[in-house]
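Please open the model in your viewer and keep the selection tool at hand. The stops below say what to select next and what is to be found there.

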Amino acid sequence: MVSHPIFVMNAETSRYYIDNLYTQDHAKCYQALNFIKNSIMGSNRQKGIVIANGIVPRLLQVLSDESKTPDIRLETVVILGSLAKGTEEQVKALVDANVVSHILKVFYVYNDAKFCESCLRCLCTILKYPFADYSVVFSDLDIVKKLVQTIEDSCSNSISTMSILSYSCRTTVHQDMLWGAGIGFILYNLLKNNVDDLSIATLKCLARVCQDNPTISTALANNVYNGEKIPEMLDSMRSGDRPTSMRLAASKCITCLYRAGALEVNDSKVMFGALPTLVRLCQNDQKWEHRVEAAEILAVLIEDDAELQSLASISNHLLQTLAEFVNYPVHQSGEYGGAFGEHRAKEMKQAAFKVFASLGANDEEIRKRIIETDNLIDHIVLGLKDPSPKVQLAAVRCLHSLSRSVQQLRTTFQDHSVWKPLMSLLEGASDEILSVTSSTLCNLLLEFSPSKEPILESGAIELFCSLTKRDDHSLRLNGIWALMNMAFQAEQKIKSQILSTLGTNQIFTLLSDSHNNILMKTLGLLRNLLSTKPHIDYIMSLCGSDIIQAVMMILEGDHSPEVKEQALCILANIADGDIAKDYIMRNNEILKKIQEYMTNVNAKLQAAAIFCVSNLVWKEDSGAADRQAKLKEMGIFKLLQLLISTSDSLLFDKVKTALTQFSDS
């Protein structure tokens with residue numbers, strides 16, 4: 001029997017071999033590398049010793065040293081690849097040492113087949129971790145081109161490179177770089193192979209390349225390669241006789257093409273291909289990780305289309321299957337015990353929440369069925385308190401979808417005091433969670449929601465005023481939207497608190513926001529603040545001049561008719577006040593602006609301006625005669641007489657109402 005040498009890295013041997021890494025004697029350097037390679041193979045403990053002894057930086061120096069022999073470079077990259085198969089903490093050490101960047105540089109320089117293959121394997125192993133710096137892959141177009149060129153060198157290279165690109169391709173710029181390097185035809189070629197692992201890696205790369213990219217998706221969907229189109233190939237690859245991972249990857253590609261607009265919703269590959277496949281793969285006879293992936297893809301597929309949501313909701317007992325996800329047990333012992341069992345249960349739960357959110361996006365009946373599913377609302381509320389941000393985000397998205405239901409706001413949401421964990425979730429939350437949570441609270445602040453009052457009492461005004469100052473435009477939008485909902489039919493003290501907390505300077509800032517929806521909601525807030533005569537007079541007494549200035553800024557600015565209509569409606573509200581209307585009557589510039597809009601080509605703007613006039617001259621209000629006289633002097637009365645001949649029925653009614661308010665008409 002022949003004995004095999006045992007390689008063990010310890011204090012005595014490590015010093016000797018570490019020293020030899022620095023020698024210029026190639027034989028000794030190679031011997032040291034070979035010892036290290038053999039000592040760490042299959043042993044995370046030995047890998048930890050190598051990393052702890054600071055050998056990684058020296059390995060990177062050796063790798064970049066042009067004087068070293070090809071064998072030394074190959075042995076070095078093999079060691080790095082072996083280290084990359086260690087624990088997560090060990091991989092983090094490699095990432096911190098910029099191993100990916102170093103390997104990409106030498107990969108670009110050297111063309112030895114074995115060396116390039118080892119580089120690709122190492123990169124593939126590291127980049128699968130979410131904390132890896134994937135952006136470095138696309139930092140140099142020449143490296144991208146070489147990656148693409150090596151794809152078809154061998155099956156191993158194909159799998160590694162497809163995986164590297166699927167991990168790293170995250171932006172439109174990345175997608176365009178790959179497309180420019182000729183990835184389209186390569187994807188088609190690789191889809192025709194008979195190696196399952198390669199097909200799956202190729203499908204994952206294809207999904208990344210076309211995700212949220214209408215231009216590339218359309219090209220991939222429409223281009224004919226040797227008489228075939230990629231969507232038809234994808235459809236065949238998601239059929240029942242293929243491996244589950246392939247079916248999932250193909251269904252994801254179809255989903256990406258559809259969501260990017262390259263396939264129609266009624267395309268059989270979408271409605272009767274990907275959708276039923278994904279629903280089927282959610283069933284409990286599949287591996288848990290496949291069920292999670294299927295659910296997450298399904299949530300994206302049906303997210304924006306009511307017809308797909310309706311079809312999915314009645315497919316293969318999907319709601320009951322998702323209930324199983326939510327109730328997935330965390331085994332305390334045995335094969336499924338410990339932290340892994342808990343992780344699996346969380347993954348199942350967050351995937352179910354995502355599908356529920358998509359299913360309930362549009363249809364009230366589906367929302368009702370979701371709510372009635374096995375005490376789901378209790379699970380969602382618990383999800384909001386889960387320490388995992390991923391579960392929290394999925395739970396709040398589910399609530400956001402369900403909060404579109406007036407019935408649920410009045411019943412289920414109130415019965416479970418959903419607003420409490422939502423408010424708690426805002427403290428220290430990430431921008432992503434903060435955005436969805438604040439958007440959900442906007443719905444809970446609608447006038448018919450019983451949650452509105454307790455939310456206001458819990459300090460929501462200060463919170464949402466602060467959101468209007470955030471850099472993220474979605475947070476600013478949610479902040480001003482919530483304030484607008486708070487102010488609707490609110491008590492005077494609430495309106496006063498909103499105005500004093502937000503401040504007129506911030507109102508002007510929001511009215512100058514580059515996002516039109518934020519501008520519209522700010523104007524909506526002003527309209528809601530300026531409603532009912534006593535409130536109008538009170539608010540105008542606090543900051544009337546500023547409000548008039550703000551309205552004038554909108555009317556004179558380069559804004560859409562919809563925006564200017566809102567500004568004129570604010571003036572109409574001000575004109576409805578007893579004292580507040582003096583702010584308009586004393587300002588000849590604003591009066592002239594109203595007169596100007598009475599002859600605007602847009603009938604809605606005309607009607608809004610004339611409504612202002614009606615409120616100003618309303619005969620039952622004190623001082624009406626003086627206001628009528630002034631407007632007659634300006635020629636507004638004569639202008640109304642000319643406009644009475646309009647063929648627009650809405651405008652005619654407004655003109656007629658205004659004319660009847662003039663005493664001598």
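In what follows, axes are lines fitted to C-alpha atoms, for helices over the stretch in contact, and angles run from 0 to 180 degrees between N-to-C directions. Helices are DSSP runs (H or I, at least four residues), numbered from the N terminus. This is a predicted model, in which local features need pLDDT of at least 70 and side-chain atom pairs count only at pLDDT 80 or more, while totals for chains, interfaces and linings use all residues. Residues are numbered from 1 along each chain as its sequence is written, and side-chain values use heavy atoms, with hydrogens and water left out.

Begin by selecting residues 183–191, which form helix 12, together with residues 196–210, which form helix 13. The axes of this pair come within 9 Å and cross at roughly 150 degrees, and helix 12 and helix 13 are therefore roughly antiparallel to each other (angles under 35 degrees count as roughly parallel, over 145 as roughly antiparallel, 65 to 115 as roughly perpendicular and the rest as oblique). Their crossing is left-handed, a term used if the near helix is turned anticlockwise from the far one by less than a right angle. Contact, meaning heavy atoms within 4.5 Å, is made by Ile183, Leu187, Leu190 and Leu191 of helix 12 and, on helix 13, by residues including Leu198, Thr202 and Leu206. By class, this contact has nine nonpolar, two polar and no charged residues, where Ala, Val, Leu, Ile, Met, Phe, Trp, Tyr, Cys and Pro count as nonpolar, Asp, Glu, Lys and Arg as charged, and the others, Gly among them, as polar.

Next, select helix 17 (residues 268–280) with helix 18, a pair that packs at an angle of about 145 degrees with axes 8 Å apart. This crossing, too, is left-handed, and the contact is made by Val270, Ala274, Leu275, Leu278 and Val279 of helix 17 and Ala294, Ile297, Leu298, Leu301 and Ile302 of helix 18. Which classes of residue make up the contact of helix 17 with helix 18? There are 10 nonpolar, no polar and no charged residues.

Now turn to the second largest pocket, with a volume of about 250 Å³. Its lining includes Lys452, Glu453, Met486, Lys493 and Gln497, and helix 29 (452–457) and helix 32 (492–502) are the elements that give two or more residues to it. Helix 29 gives the most, with four residues, and the lining divides into four nonpolar, two polar and five charged residues.

Finally, select Leu499, Thr504, Ile507, Phe508, Leu526, Cys543, Asp546, Ile547 and Ala550, which line the largest cavity, of about 40 Å³. Helix 35 (533–556) and helix 33 (504–511) each supply at least two lining residues, and the largest share, four residues, comes from helix 35. By class, this lining has seven nonpolar, one polar and one charged residue.

On a 1 Å grid over the protein atoms alone, a cavity is a set of points where a 1.4 Å probe fits but cannot get out, a pocket is an open set with protein on both sides within 12 Å along at least five of seven lines, and lining residues have an atom within 4 Å of a point. Grid points are joined across faces, edges and corners, and a volume is the space filled by probe spheres set on the points.
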